[in-house]
Amino acid sequence: MANSAIQENNYMLNDLASQARQEHLPGPVQRAEQTNDHLFTFVTENGTQLLLHVLSDKILRFRYLTPGSSAEPDFSYAVPDPATEHIVLPAAVTFLEFKEKADHYRLTTGRLICIVWKDSLRTRVLDRSGNILSADEKGFHWHHNDETGNDVVKMSQQVPSGVCYYGLGDKPANMNLRGQRFLNWGSDTYGYMKGSDPLYKNIPFFHVLQQRIAHGIFFDNTFKAFFDFAAERADVTSFWAEGGEMNYYFIYGPTLLEVTEEYTRLTCPPDLPPLWTLGYHQCKWSYFPEGNVKAIAQGLRERRIPCDAIYLDIDYMDGYRCFTWHPQHFPEPKRMVQELAQDGFKTVVIIDPGIKIDPDYSVYQEGLKNDFFCRRADGPLMRGSVWPGQCNFPDYTRPQVREWWAGLFEGLIKEVGVRGVWNDMNEPAVFEKGTFPDDVRFDYDGQPCSHKKAHNIYGMQMARATNEGVKRFSYPDRPFTITRSTYAGGQRYSSGWTGDNIASWDHLWLANIQCQRLSISGFSFIGSDIGGFIDTPDGELYSRWIALGAFHPFFRTHSSGDHGDQEPWSFGEPFTSLARHFIELRYQLLPYMYTAFWQYSTKGTPMLRPLTFLDQNDPETYLRMAEFALGDNLLVCPITQAGADGRWMYLPRGDWYYYWTDEARTGGAEVWASADLTRIPLFVRAGAVVTMQPVMQYVGEKVVEELTLHVYYKNGTADSVHYDDGGEGYNYQQGQQTTRRFTVAGDATSLTISQKIEGVYQPSYGTYRVVLHGLPTPLQTAHVDGQSAALGAYPATETTVAAPAVVVGVGFGELKIALSALEAEILVKA
């Protein structure tokens with residue numbers, strides 16, 4: 001009885017624990033000051049602080065500090081430091097005004113108004129026209145977690161009627177995120193399905209579209225983070241993390257496209273890749289021994305199926321030890337890689353983070369000697385089981401470890417001749433456990449922390465170290481790396497794929513959604529395992545998938561050998577010819593694809609753009625997700641049902657042409673796109689100039705002597721662009737590049753194509769074959785810079801129609817096409 005009384009006195013009547021867990025709010029603002037030109041500090045009566053930083057007229061950073069906490073070093077893996085990494089700086093602040101009012105503070109930039117309420121530290125952001133873009137509900141609040149010692153930091157905002165949410169990386173869910181909740185905690189999710197969460201990548205950035213005005217929120221916090229898009233309460237959206245700071249960026253559009261561009265520039269777009277990486281890649285778990293690799297390469301060349309890269313999965317290694325070669329399977333790797341290169345194949349190899357615990361293994365010895373591996377809280381090395389067995393894992397958040405890791409690639413890249421490296425299992429994944437225990441310690445670039453903080457950036461920092469090594473030893477060629485896991489900003493180090501998918505029609509649908517979502521989340525160099533990694537597709541599914549993959553920036557077939565063969569010829573005819581057909585189309589489109597990548601690299605423009613991004617003023621686009629644009633002028637919509645001979649799809653407002661038939665269609669409506677297995681629904685914007693090159697078996701197989709400009713008639717004007725720098729090396733950074741800007745202007749009697757050239761790079765091709773599509777009346781004459789030009793024809797193929805053509809020099813200024821006057825007069829009267 002006495003013991004019970006003691007327990008009652010000590011525990012039952014003591015509510016300190018419940019007080020510690022209670023939710024806290026900032027309270028009234030006590031003072032506000034302008035700390036420097038662009039930084040404003042607000043302090044409340046209970047000691048909460050808001051550091052409001054104006055990065056540009058369109059970007060505001062909100063950084064909250066809880067009472068008693070001091071500002072941690074202002075460090076981010078997502079937003080690079082200009083002192084250590086090349087970045088694209090945000091636009092300058094052109095106007096800034098700060099005023100105190102009776103009940104609020106008002107900060108005004110050239111594009112935004114931000115209000116901070118004195119009674120609560122809640123905020124509201126408006127555009128300069130007074131439209132409310134964002135308004136706090138509770139705003140910033142938090143509670144303390146006794147188990148971890150961290151504050152769980154939260155932000156809740158109001159949900160206006162009609163609002164839509166997009167982005168958040170690789171979530172396998174409907175394009176519009178409203179009504180759903182998600183978690184960011186990178187996970188090895190073998191055989192994921194629609195709705196699986198979380199997956200491999202951690203990109204805490206999303207778009208908000210409300211009243212046709214767009215902004216973005218980037219929550220730069222690497223702890224386990226949650227996002228609720230009006231799922232729990234229909235009038236509240238919120239995001240929170242299990243530690244760290246409430247640190248988010250408000251990014252104004254006003255278009256969705258501009259939001260992605262601003263975010264991607266903030267976190268830094270990638271450098272241009274070598275052109276061959278945009279070709280077709282062939283991969284399997286696993287191609288071994290050497291004879292099998294050679295047979296796959298020979299099979300591609302004999303069947304005239306273009307391909308630039310062959311991949312070696314984990315079985316190329318000696319006992320799965322990274323940076324080694326299996327002595328029986330690949331006795332002379334340098335010779336094999338050279339022989340593959342002579343036939344146009346670049347070799348790409350996999351490297352995982354787990355380093356086998358083996359005292360006779362030099363990489364393990366070096367890591368152990370230099371204390372480069374992660375440790376548990378009490379000091380022992382982190383041990384986990386992956387493919388080699390028991391492993392230790394490098395701490396890629398230490399600069400010295402990244403430098404060491406980069407140096408390990410000298411053998412693979414410089415000595416053997418491997419051209420690319422593929423990082424897998426880097427969530428990090430550990431068999432049976434899932435990932436590292438929470439108490440594993442990391443350097444975090446001089447700010448020691450636990451796995452709870454470092455987990456979501458582990459894969460990104462591995463890709464960073466890998467990219468540093470591949471870049472160093474590939475020089476003067478450009479590097480190529482791929483990663484399965486990443487964090488915001490990881491696009492500047494690597495390309496990626498959507499992970500271990502399944503050979504099913506549902507996963508073909510998911511591949512389309514995930515690649516669009518990643519592209520608008522700053523990560524455009526993305527693709528899926530064509531045909532599915534798990535199980536085996538039939539010929540129809542594989543054909544439909546490779547047709548979609550031809551329009552994704554990363555274009556790779558990959559499969560598990562446990563489920564049968566999945567090379568382009570594995571399904572027999574007609575499917576081999578169908579695969580060849582779409583891969584050839586991809587190689588023809590490489591100049592267009594490379595130009596889209598240049599736009600991504602320089603402006604942050606997503607290469608894949610969902611329908612809403614093409615016309616956010618049309619509510620018909622808000623819930624649609626099948627249709628997407630590649631670059632400025634191509635609209636694609638995959639077939640994702642078995643047995644279909646076409647599909648209904650929505651055309652954005654404007655004028656379009658069906659690629660396969662040149663049939664003109666008017667947008668703003670659903671249209672039927674007839675598409676047997678030889679077609680994918682593909683439309684071209686009226687007024688577009690689409691650049692194409694001849695089919696080749698690999699990039700650089702032959703010199704391109706003539707480029708084809710497919711010009712699509714428009715009654716009006718439209719602009720297109722073509723960028724070229726040769727597709728390899730770094731001379732483009734010293735000015736060896738050329739941007740060609742085309743303007744198409746048409747009316748009832750003529751069509752004029754003008755060109756403006758910027759830059760000094762001289763391409764191998766000396767002429768353009770200008771192919772004229774959709775002319776309303778017959779072509780009569782053509783004049784190039786005032787001189788008469790001969791008329792010709794572009795022949796029909798099995799899947800496209802014939803069209804008139806004119807050959808001109810690449811330096812032309814103006815090509816003027818005269819149309820039949822009589823028929824034009826009839827057309828005008830009609």
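Trainee: Which residues does Phe-323 touch, leaving out those up to four places away in sequence?
Mentor: In this predicted model, Phe-323 touches Ile-351, Val-363, Trp-405, Leu-408, Phe-409 and Leu-412.

Trainee: Is Phe-323 buried or exposed?
Mentor: Phe-323 has a relative accessible area of 15%, so Phe-323 counts as buried, the cut-off being under 20%.

Trainee: Where is Phe-323 found?
Mentor: Phe-323 lies in the loop between β19 (309-312) and α5 (333-342).

Trainee: How far apart are Phe-323 and Tyr-248, in sequence and in space?
Mentor: They are 75 residues apart in sequence, and their C-alpha atoms are 39 Å apart in space.

Trainee: Let us turn to α4. How many residues does α4 have, and what span does it reach?
Mentor: Helix α4 (residues 290-302) has 13 residues. From its first C-alpha to its last it reaches 18 Å, close to the 18 Å expected at 1.5 Å a residue.

Trainee: Which residues of α4 are buried?
Mentor: The buried residues are Glu-290, Val-293, Ile-296, Ala-297, Gly-299, Leu-300 and Arg-301.

Trainee: And what covers the buried residues of α4?
Mentor: The cover includes β18 (280-282), β19 and α5.

Trainee: How do the axes of α4 and α5 cross?
Mentor: The two axes come within 11 Å and cross at roughly 5°. The helices are therefore roughly parallel to each other, since angles under 35 degrees count as such.

Trainee: Which residues make that contact?
Mentor: From α4 there are Glu-290, Val-293, Lys-294 and Ala-297, and from α5 there are Arg-335, Met-336, Glu-339 and Leu-340. By class, the contact of α4 with α5 has four nonpolar, no polar and four charged residues.

Trainee: Which residue with a positive phi follows α4?
Mentor: That is Arg-304, with phi near 55°.

Trainee: A different pair now. At what angle do α10 and α11 cross?
Mentor: The axes of α10 (residues 505-520) and α11 (residues 539-549) cross at roughly 0° and come within 10 Å. Therefore α10 and α11 are roughly parallel to each other.

Trainee: Which residues meet there?
Mentor: Trp-505, His-507, Leu-508, Ala-511 and Asn-512 of α10 meet Glu-540, Leu-541, Arg-544, Trp-545 and Leu-548 of α11. The contact of α10 with α11 has six nonpolar, two polar and two charged residues by class.

Trainee: Finally, what does the UniProt annotation say about residues 706-774?
Mentor: The unreviewed UniProt entry annotates residues 706-774 as "domain: DUF5110". Over residues 706-774 the chain is 0% helix and 61% strand, with the end C-alpha atoms 22 Å apart.

How values were computed:
Residues numbered from 1 in each chain as written. Predicted model: local features only at pLDDT ≥ 70, side-chain atom pairs only at ≥ 80, totals over all residues. Heavy atoms only, no water. Helix = DSSP H or I, 4+ residues; strand = E, 2+ residues; numbered from the N terminus. Buried < 20%, exposed > 50% of the residue type's maximum accessible area, 1.4 Å probe, protein only. Contact = heavy atoms within 4.5 Å. Axes fitted to C-alpha atoms, helices over the stretch in contact; angles between N-to-C directions. Parallel < 35°, antiparallel > 145°, perpendicular 65-115°, else oblique. Nonpolar A, V, L, I, M, F, W, Y, C, P; charged D, E, K, R; others polar. UniProt positions renumbered as here; feature names shortened; annotations may be inferred. Expected span 1.5 Å × (residues − 1).
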